[in-house]
Amino acid sequence: MSTTSHVPQGAHHLRGDDSGGEATTTVTVPPYSSDQGDKDAKFPKVIGPVDERTGLAAAMRFGLGKVFPDHWSFLLGEIAMYSMVICLITGTFLTLWFVPSMGHVTYDGSYVPLKGVGMSEAYASTLDISFEVKGGLLMRQLHHWAALFFVVGIALHAARVFFTGAFRKPREINWVIGVVLSLLAAIEGFAGYSLPDDLLSGTGIRAMNGFMMSAPIIGTWLTFFVFGGEFPGEMIIPRLYIAHVLLIPAILVGLFVAHLILIVLPKHTHYPGPGRTDDNVVGFPVMPVYAAKAGGFFFVVFGITALVSALVQINPVWVFGPYDPTQVTAGSQPDFYMWFSDGALRLLPGWLEFSLFGTVWSMNIFLGSLLLLPLVWLILGIYPFLEAWITGDRRDHHVLQRPRNAPVRTAIGMAAISMYLVLALACINDILAIKLGLSINDLTVLFRISFFVLPVIVYFVVKRLCLSLQRHDREKVLHGSETGRVVRTPEGRFFEVHEPLDAYERWPLVYYDTPRPIGETVGPASDQHGVRRPLAAAAGLRRALSSFYYKDSISAVTPAELAAAHQHGEHEALDGPEVAAAIEQHGAPVSEAPGDDYYRDGIKAGRHS
Amino acid sequence: MSTHDNTPALVDDAQDRFANPGFPPHVPRRADVDESAANRASVQVVALFTLSALASIAFLVAYFVIDPELRGSIIGIGEVNLFHVVLGLTMGVSLLGIGLGAVHWAKTLMPDEEMVEQRHSLRSSDEDRQEVARQLSHGWRGSQLNRRTAILGSAGGALGLFALPLVVPVVAGLGPRPRDELYTTNWEPGLRLMIDPSGAPIRAADVTQGSVFHVMPEGWVGDEAFEVHGAEEAMASKSKDQVILVKLDPSIINSQKQRDWGYEGIVAYSKVCTHVGCPVALYEQQTHHLLCPCHQSTFDMTEDCKVIFGPAKRPLPQLPISVDDEGYLVAVDGFREPIGPSFFERERPGLLMEDES
């Protein structure tokens, strides 16, 4: 079959061991010396009949032989996954007793302080789970703790994926799915902790009612439709309940399965290391190592959650009392993953509300709640596509980046985290004010300023740190690692012996490529006659952003540079310290290199020589 | 690294690069070379699994033997429900025993030589793509959609509309549309101000300087409200009728309107925050500030409850009050503006109640 020329060629023929001189793909497979397989192994008889009807053996062959790389940071996603499973198990337990009703009852249970108090059935049944059902309190605590670990796991996992560049092609779709999952997890959590209808969660629902009302044009209608009338009504708990136990979990589990499939299809990413390339995956097979480790880890996560649930109290709803719209306690905070939104509400000044033609636009509320939440997740979701557009990188990536090797991305990520943290801390400004003995007004003003100033500082600091770490890597490759052995020369000078890295130690420090700004590769903006090339606005923006991303990049050491350094080293040993001093002056001091031209020039020089 | 490009890469490919050195030699673990170390590891794994089994049994024993009300104190934690703690600890050990045992087994005794699998581009082959193109084209033409645009159009219309009969009743049935609920409260002229939850009326002469009351309208107080009006109405009333009553020194009140709507320095304000509706529960007697604990909006009682800090925009609405013939505080009128959080139609009720305005 002929292919048309505009269809890109498949990359199959370029891969594999026959790709000639390309050094990066010549990888030796380790001899699997301790082959413990039995040559006369028999296909298990039990599976036979099932296999005849389903083709199970082929699927098992595919599954059991899958290789997964090993790294502690890959466990973060597993924490989220297992916590979700724990929530499903314990949540099912809770549904057997929880009554999602706002019907009014008078409490007559075993918790004496609330005897005779009027409350909703939801709250009363939560008290019953805590006090009457044997082991019910443990299940409640497990459910709440696992929900928190779920969101923490997702956040840490997302950070790992972001900072290592794992979201790059071909995994952008999976990143988007993960982003949706994290949004759903936060909403699921909010819906869940709102259900007991205690004073704290009721205050949260009251605030949610206020957020919804702030939506321009549709706000009032939206609120009345969600609450089934004016606040509080008797519909919101049943509706949150069905969302919490059916709608959102169904979507969560469905998307989670898709997330797993899209991990398996391109095979898991791995960290840079000797023998690891974009064309292979190095790790442990499911049978037996990965199955034992991952399966065991489920029990570890569950076990730790159980220990925490046994010893650390969470959400003691009986202390808060039933919801009463006329009451509130100081120190009313939502669960931590909603802090940033509530914090934004505390920081946004009132003057953002205005009237237009007699209609009210409450931007002081809308921006921090209904707009902020989707906005954060939208930015997260489009980031891979934005970066690919800016950098023009359309290649498949399976080897992860060390965060330092993508300084601008790492700096942007840390700056974003700092903004998030400012908002999150603003949510506990009242607690902070008490604990630190500060004025809450001063703290709030400080947070308002920090929200804008801190990310800028963090951006520059982190970027500089990354560049320094990259320079450190270069230093280590060029001059070896410090041995701590100090040698005295016959002249009486001292120097420390540096030991050159072997090829295996060196590889993770030199494997990465150094992209250059688009402007440098497509030529200058004006031709040889000084006429500016017409450039679309988008292309101009892209160039500027590309330059922003890559202009400071520091490239990895090349063999030529290393050879040159070794030569210097030999001189050093032969000629004594004077020559060494001369050589040191040969390079520009690091502090002089804002754009790190030194290194780029150095590469060019190395190439020419 | 340039082998997988299908667009121009921006990487400086010209430079020479280090070659991937391949896998480092495998370093055997102790258990690989020392049989007694392997045996020790095996014993440890068995011990962990056994511990798990024992903990599971301990959980069951505890579940049936320990009194669920049993309390005791644990150093560093304080008084706890021991039944709960023992259940949680035994469950945790039962789970951790399995988990740690399996991980330890994998790390010490299972093969630790890494395996290699080749990756393959996810892109389908050109043949597959061609075939898909052919199938789509055949399907399109085979169903004559390319010629019979009427079918295309009507099918598209039908598919576009079929979901509406399913969706519209759901959405439209969710709630009543808003009408006057947000503009009205249960406060009416002549209704006494009652202390909540005791339900006592307030005699103006008995209100001392600086005292604060949480107030509800007559007939909407305490359990009686739930019995008379039902829980839903009573909760709605609590959400919007709540009022905070304070007696100030009339000389420190800066607003003439505030003085006029009050009675000898006794002023009544809606307790529902104009930000997102939390009760504005903290009154600072010295500064005469009202603070909302939710988001720290601060209102100045001497300035007609104007916002002096925080995210709220509007002052708290004031309830005009006076005294009846017996000297008890009563409402002169309902609130003259909507209480609580802002909403789009707040200043134009006609948008919600077009037939009534």
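**Ground rules.** I count two residues as in contact when their C-beta atoms, placed from the backbone, lie within 7 Å. This is a predicted model, and I kept to its limits: local features need pLDDT of at least 70, side-chain atom pairs count only at pLDDT 80 or more, and totals for chains, interfaces and linings use all residues. Residues are numbered from 1 along each chain as its sequence is written, while chains are lettered from A and ligands numbered from 1 in the order in which they are written.

**Chain A, overview.** I began with contacts in chain A between residues at least 6 apart in sequence: 74% of them join residues at least 24 apart. Next I listed the secondary structure, taking helices (H or I, at least four residues) and strands (E, at least two) as DSSP runs numbered from the N terminus. Chain A has 22 helices and 8 strands. For burial I call a residue buried if 20 or more other C-beta atoms lie within 10 Å of its own, exposed if 12 or fewer, and partly exposed in between, with C-beta atoms placed from the backbone. Of the 609 residues in chain A, 41% are buried.

**Chain A, domains.** Domain bounds here come from an automatic or database domain assignment. Domain 1 of chain A covers 74-329 + 336-401, and domain 2 covers 463-525 + 535-608. Where they touch, domain 1 of chain A supplies 9 residues and domain 2 of chain A supplies 11. I sorted residues by class: Ala, Val, Leu, Ile, Met, Phe, Trp, Tyr, Cys and Pro count as nonpolar, Asp, Glu, Lys and Arg as charged, and the others, Gly among them, as polar. The domain 1 side of that contact holds 4 nonpolar, 4 polar and 1 charged.

**Chain B, domains and sheet.** Chain B is assigned domain 1 (30-108) and domain 2 (193-351). Their C-alpha centres lie 57 Å apart. I then traced an open sheet of 5 strands in chain B, ordered S4-S5-S6-S7-S12 with antiparallel pairing; two strands pair if DSSP finds at least two bridges between them. Its edge strands, each pairing on one side only, are S4 (193-195) and S12 (318-319) of chain B. Strand S7 (266-270) of chain B meets S12(B) in the antiparallel sense over 2 bridges, and Ala268(B) has Leu319(B) as its bridge partner there.

**Where the chains meet.** How many residues of chain B are in contact with chain A? I noted 102 of them, facing 133 residues of chain A. Elements of chain B giving two or more residues include helix H4 (126-142), helix H7 (222-229) and strand S11 (306-309). Helix H3 (82-108) of chain B is on that list too, and H3(B) gives the most, with 16 residues. By class, the chain B side has 53 nonpolar, 26 polar and 23 charged residues. Val282(A) has Val116(B) as its bridge partner in S3(B).

**Cores.** A nonpolar core is a set of buried Ala, Val, Leu, Ile, Met, Phe, Trp, Tyr and Cys residues joined through C-beta atoms within 7 Å. The largest has 90 residues, and Leu193(B), Ala268(B) and Ile321(B) touch the most other members. Helix H7 (199-213) of chain A gives the most to this core, with 6 residues. Leaving out residues up to four places away in sequence, Leu193(B) touches Ala268(B) and Ile321(B), with Ile202(B), Val215(B) and Leu329(B) also among its contacts. A second, separate core of 79 residues includes Tyr193(A), Leu252(A), Leu400(A) and Leu100(B).

Most residues other than glycine have a negative phi, and most peptide bonds are trans. I marked a cis bond between Phe231(A) and Pro232(A), omega about -10°, with Pro232(A) in the loop between helices H8 (219-227) and H9 (236-264) of chain A. Another cis bond joins Met287(A) and Pro288(A), omega about 0°; Pro288(A) is in helix H10 (286-311) of chain A.

Two non-glycine residues with positive phi close the page. Phe357(A) has phi near 50° and is in the loop between strands S5 (353-356) and S6 (359-362) of chain A. Is Phe357(A) buried or exposed? Phe357(A) counts as exposed, because it has 6 C-beta neighbours inside 10 Å. Cys305(B) has phi near 55° and is in the loop between strand S10 (298-300) and S11 of chain B. Cys305(B) is buried, with 25 other C-beta atoms within 10 Å.
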